[in-house]
Amino acid sequence: SAWAIRVKPPTSAWGSASTNSTAKAKPISWAKTSCVKDTRAVFSTRLRMVEEGMRFFQHAFQLDTTNFAALDAAREIYSARGDWDLVAHLYTLQADAMTADQAKGEIYWQLADLAQNRMQSAAQAFKRAGMALELAPEDPRAEDFAHLLDESARNRQSRYDALMDEVRSIRDPRQRSALMIEQANLWFDEAPSDLWVEELLRNVLKRDPRNETAKNLLDEYYETNGRWAELVRYLQDRVQKTPRKSDRLALFQRLAEIAQFNLDDEEAAVQWHREVLKLSPSEETSLKSCVDFYSEKEDWRALVGVYDAALRSRTRGRNDSAMLIQIAMLLWKNLEDYKGAESYFKRIKLNDPRNALMLQFYSEHYERLGDWKRLLSVLQTRQSNEEELEAKFELGLEMASVAETKLKNIEKAIDIWKSLVRLDGQRTEARESLRRLYFEGKKWNALLEFLKDDLKLDSHS
């Protein structure tokens, strides 16, 4: 739209009316009347309390976005300080919160006057006046204001035409570009929002697409004026025309930053970060941003894809155990994809055959598959890894159960129970189970020796 707002929001706690309002908060009528009036008087006489005043008025407006008394008070303070960008921003907040066309139109006229007389931005004044006229086309102020703006526009148009005549008289293409860039810099310093700056720089790039100075200045022009959508389109166009990997990487990183910090669009930001990772899968900032985003969204499959791409990009010989475990655990615990998880745990097993997490996975995996021989082998390895007596004993109980009930291997079960008796002879369940198996297997000699040991144990106790 020809009337699109292009004022760069100043750095401030004041956000948009829609984002700052609290839906469940009750209107605070006290802040509209005496409290704002009295507080404004205090802040206007005691300048050291300006910041406290800003916090008070911001809070009042957050609780009730129709509390225009708070905005008026804030504007008075910032006007006294000459902070016209923030004054314009507060007017914009008020316009956004208004529903009546006439009242909103008055605010746009205020913005137009501010842009013309305080900010020396004819382009901004022209846009704001246009927004007011869209709401009230018959407003009597339109003719006088349009006359001033037309004069300013004609002057700038004449200046541009004169420059282009001079450019056409120069034969050397590099000198032509240098002259246009020099003038663009001057006009940009004079009036950062001057639309002819953009026109001039685009003219340079049309003639000389590789001119880095013009590219950077146009980037700065869009950023200074808060024209983020135009900047994104401009950078996207540059990406398509840039074959060099390092340049494309830098542009994608810039696009990710704009989406995340200026447009507050996390979805777009993470897509640009993914483009960064396609070129450099281990780039730390983009990797962390994607990991944080997909973790918060619990999009585990996408997170696995990010980690896997980073893993495949690594050079051989590096220790990838931590990332392998991360991917394997996501597939196992979050996605319950045992087949996918096993492909990573196999790689972990090659480098670390006694890894505790890997062994826990295979315990669960083999139990699900009913592969009891392999489960018993894994449990034995886990038991040998344990240092605490209680943990060793509990794993031994599980091993004995698998051997007896799943494998029907009584001899193996007896051997396991015997090892548990040696591990902790005071545990009755081990001695009773071993006695039972001797009896059921009719191993009388072994049972007799065991009973003798029991008698010795009882006599000592």
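The model is predicted.

Entry, pocket. I looked up the largest pocket and found about 620 Å³ of space in it. I then asked which helix gives the largest share of its lining. That is H13, with five residues. I noted that H11 (195-207), H12 (212-224), H13 (228-241) and H14 (245-262) each supply at least two lining residues. The lining has 21 residues, and Pro 209, Arg 210, Lys 215, Lys 241 and Thr 242 lie nearest the centre. Sorted by class, I have 12 charged, eight nonpolar and one polar residue in the lining.

Entry, H16. I checked the length of H16 (residues 284-297): at 1.5 Å a residue its 14 residues should span 20 Å, and the end C-alpha atoms are 20 Å apart, so the two agree. I listed its buried residues as Ser 286, Leu 287, Ser 289, Cys 290, Val 291, Phe 293 and Tyr 294. I recalled that an α-helix has 3.6 residues a turn, so residues three or four places apart point the same way. The cover over the buried residues of H16 includes H14, H15 (266-279) and H17 (300-313). At the start of H16, I found a side-chain oxygen of Glu 283 within 3.3 Å of the backbone nitrogen of Thr 285. Just after H16, Glu 298 has a positive phi of about 60°.

Entry, H19. I ran the length check on H19 (residues 338-351): 14 residues at 1.5 Å each should span 20 Å, and the end C-alpha atoms are 20 Å apart, which agrees. Buried in H19 are Tyr 338, Gly 340, Ala 341, Glu 342, Tyr 344, Phe 345 and Ile 348. What do the buried residues of H19 pack against? I found H17, H18 (321-334) and H20 (356-369).

Entry, H20. At the start of H20, a side-chain oxygen of Asn 355 comes within 3.1 Å of the backbone nitrogen of Leu 357. Just after H20, I read a positive phi of about 70° at Gly 370.

Key. Residues are numbered from 1 along each chain as its sequence is written. This is a predicted model: local features need pLDDT of at least 70, side-chain atom pairs count only at pLDDT 80 or more; totals for chains, interfaces and linings use all residues. Side-chain values use heavy atoms; hydrogens and water are left out. On a 1 Å grid over the protein atoms alone, a cavity is a set of points where a 1.4 Å probe fits but cannot get out, and a pocket is an open set with protein on both sides within 12 Å along at least five of seven lines; lining residues have an atom within 4 Å of a point. Grid points are joined across faces, edges and corners, and a volume is the space filled by probe spheres set on the points. Helices (H or I, at least four residues) and strands (E, at least two) are DSSP runs, numbered from the N terminus. Ala, Val, Leu, Ile, Met, Phe, Trp, Tyr, Cys and Pro count as nonpolar, Asp, Glu, Lys and Arg as charged, and the others, Gly among them, as polar. The expected span of a helix is 1.5 Å times one less than its number of residues. Buried means under 20% relative accessible area, exposed over 50%, partly exposed in between (1.4 Å probe, protein chains only). Contact means heavy atoms within 4.5 Å. A polar contact is a pair of N or O atoms within 3.5 Å; within protein, one must be able to donate a hydrogen and the other to accept it, and residues adjacent in sequence count only if both atoms are side-chain atoms.
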